[in-house]
Amino acid sequence: MPPRIPFPAIARARFVPRTSVASFLFGRAQFSTSAPKAFGLKPKRTSSSGSPVLLEASRAHALSRKQTPTRTGVLAYKTGMTAIYDENGVRTAATVLQLDRVQVLATKHSKTHGYFALQVGFGWRQPKNITRPMLGHYEACGVAPKKELREFRVKDESGLLPPGTVLNADHFTVGQFVDVKANSKGKGFAGGMKRWGFSGQPASHGNSLTHRAMGSAGQSQGGGSRVLPGKRMAGRMGGQQHTVQNLKVLQVQPELGLVIVKGAVSGPKGCIVAVQDAVKRPLAKTATA
Amino acid sequence: MSTTAGASLRPLAQSLKALTLRPIQRRAVTDYASLRDNLPRKVGMFGQKKVFHSPQADEPRRHIKIHAPLPAPASKTPIESLTSLQLATLDPTGAKQKMFSRHNPDSVKVGDILQVRRKNGEQPFAGVVINIRRRGVDSAFLLRGQVTRIGVEVWFKLYSPLIEGIDLVQRTEKRKRRAKLFYLRKPEHDFGSVANIVGQYMRQRAILRGEGPKNGQQGQRGGKTGKKGGKKN
């Protein structure tokens, strides 16, 4: 008969090989989130000739090249579409986005993280449904537990806001342009016609049994006898992040927390979208225009 | 007690002794609760040496302060709030809402004949309602009529400021058993021109108002009798 043991888990754990213990310790010692060394060797910022112009291969130049809004974005619910009539009676289809207790939680600085960004929280979640590590994060940020967190990159230090800052709908101004990011509705496994707009085959003229096929995938001998990488084919469609750029802000209603943008936004009703100043239409230009 | 095949049985006396003479012992009860409390809390795995434990392992759990949430947004149904805000300016009297309300028994139904007067100076358009699309402030209805003897369908946005007024020219005789009267597009069901009905309605309305028949409406004569007087907005 096997020996009686009070707590079998202890006995089992004794037989775990020693190596896993060592690797566990080793991993802990190496773990770090924000050490400067985490970014590897720093390439030179400027030429050794003494020119102040940044070298193109440098990180600093890459940061300056990147198109980033100057201000942070917000998270919002997509609540649905409606129509807006302007003073001339012209109707515009519009999407209503609702902000819900949007707050800044933390910031990232180029000195510590390599770029400037803000962590923005949205909504509220029951603390009992949140893990202790995340509760500690919310405590450090001084905000209530959030439903969703998202990072928004900004151009420079002037775009950073102190943690706890509440962002309301009046963060945006009427007439400005925004980019809206959201996960599109999943369409499942879709054929070439639906997914890529292929023409398919004719319904008649002797066609039989082949009306929605994608057709040829490429040449035979002479074309390499292979399918080129990136060939558009049938497959999973939708359910991916999709950005709609340059949507005009038609109305802003801070008391209801609503931002109404012109046109459509990806995703189903009730999904969470990220709204930020348009990258291709900077705020300063639209304000003067 | 089961014995496997081939194993030798124990002598009978020994078995009897084991059955009879053994005192009944108390089963050892494992106190799992005290065991759990006595174990170090933060450990990678059970049975580790103490040196491998986290330095905070023996400390009590820290109390994490949970901040109170901000007040929730004013409206849980923002589209409805927005619609009521918009209708306050687009339909201040509520007449259009009442005209197409599901709760109003005298509301416009499919099969009725409507005339829509427009602000931009275009001719009024009259036709049979073949579709009503209720979408709050974006509600609309589809009229099928004739222009120069060609069947024409026009969508009108109910709350559009470009609509001056909607006249209910004639109600349908029987309640239609379909929500969308798309079958009216088939030649055998086509309603044809509603000009005669509308003309008669306009004359009646002019008489009621004491204006007398208008010249523009005199050419359209005859046709079916209008069942009921229209409603003006």
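Predicted model: local features only at pLDDT ≥ 70, side-chain atom pairs only at ≥ 80, totals over all residues.
N131(B) belongs to strand β2 of chain B, which covers residues 125-133. Because buried means under 20% relative accessible area, N131(B) counts as buried at its 5% relative accessibility. Beyond its neighbours within four places in sequence, N131(B) is in contact with V110(B), A140(B), F141(B), L142(B), W155(B), K180(B) and F182(B).

## Overall composition

Chain A contains seven helices and twelve strands. It has 289 residues, of which 33% count as buried. Among contacts in chain A with a separation of 6 or more, 67% are accounted for by residues 24 or more positions apart.

Chain B has six helices and five strands, and its elements run α-α-α-α-β-β-β-β-β-α-α from the N terminus on. Buried residues make up 32% of its 233 residues. In chain B, residues 24 or more positions apart account for 54% of the contacts with a separation of 6 or more.

## The barrel of chain A

In chain A, six strands close into a barrel with antiparallel pairing, in the order β1-β2-β11-β10-β7-β12. Neighbouring strands of this sheet are turned against each other by 45 degrees on average, direction ignored. Strand β1 (residues 74-85) and strand β2 (residues 91-98) of chain A run antiparallel and are joined by eight bridges. Y85(A) stands opposite R91(A) in β2(A).

The 13 residues of α3(B) reach 18 Å from the first C-alpha to the last, close to the 18 Å expected at 1.5 Å a residue.

Which residues of α3(B) are buried? They are P78(B), S81(B), L82(B), T83(B), Q86(B), L87(B) and L90(B). The cover over these buried residues includes β1, β2, β10 and β11 of chain A, together with α4 (95-99) of chain B. In general, an α-helix has 3.6 residues a turn, so residues three or four places apart point the same way.

## Nonpolar cores

The largest nonpolar core has 35 residues, and those with the most contacts inside it are F100(B), L114(B), V129(B), F141(B), L143(B) and F156(B). Two or more residues each come from α3, β1 (113-118), β2, β3 (140-147), β4 (150-157), β5 (163-170) and α5 (195-209) of chain B. The largest share, six residues, is given by β2(B). A second, separate core of 32 residues includes L99(A), V120(A), L160(A) and A182(A).

Within the largest core, L143(B) is among the residues with the most contacts. Not counting residues up to four places away in sequence, L143(B) touches L114(B), V116(B), F125(B), G127(B), V128(B), V129(B), V152(B), E153(B), V154(B) and F156(B).

## Helix α5 of chain A

L135(A), G136(A), Y138(A) and C141(A) are buried in helix α5 (residues 132-141) of chain A. The buried residues of α5(A) pack against β3 (102-108) and β5 (148-153) of chain A. G142(A) follows α5(A) and has a positive phi, near 75 degrees.

How values were computed
Residues numbered from 1 in each chain as written. Chains lettered and ligands numbered in written order. Heavy atoms only, no water. Pairing = 2+ DSSP bridges. Helix = DSSP H or I, 4+ residues; strand = E, 2+ residues; numbered from the N terminus. Axes fitted to C-alpha atoms, helices over the stretch in contact; angles between N-to-C directions. Buried < 20%, exposed > 50% of the residue type's maximum accessible area, 1.4 Å probe, protein only. Contact = heavy atoms within 4.5 Å. Core = buried A, V, L, I, M, F, W, Y, C linked by side-chain atoms within 4.5 Å. Expected span 1.5 Å × (residues − 1).
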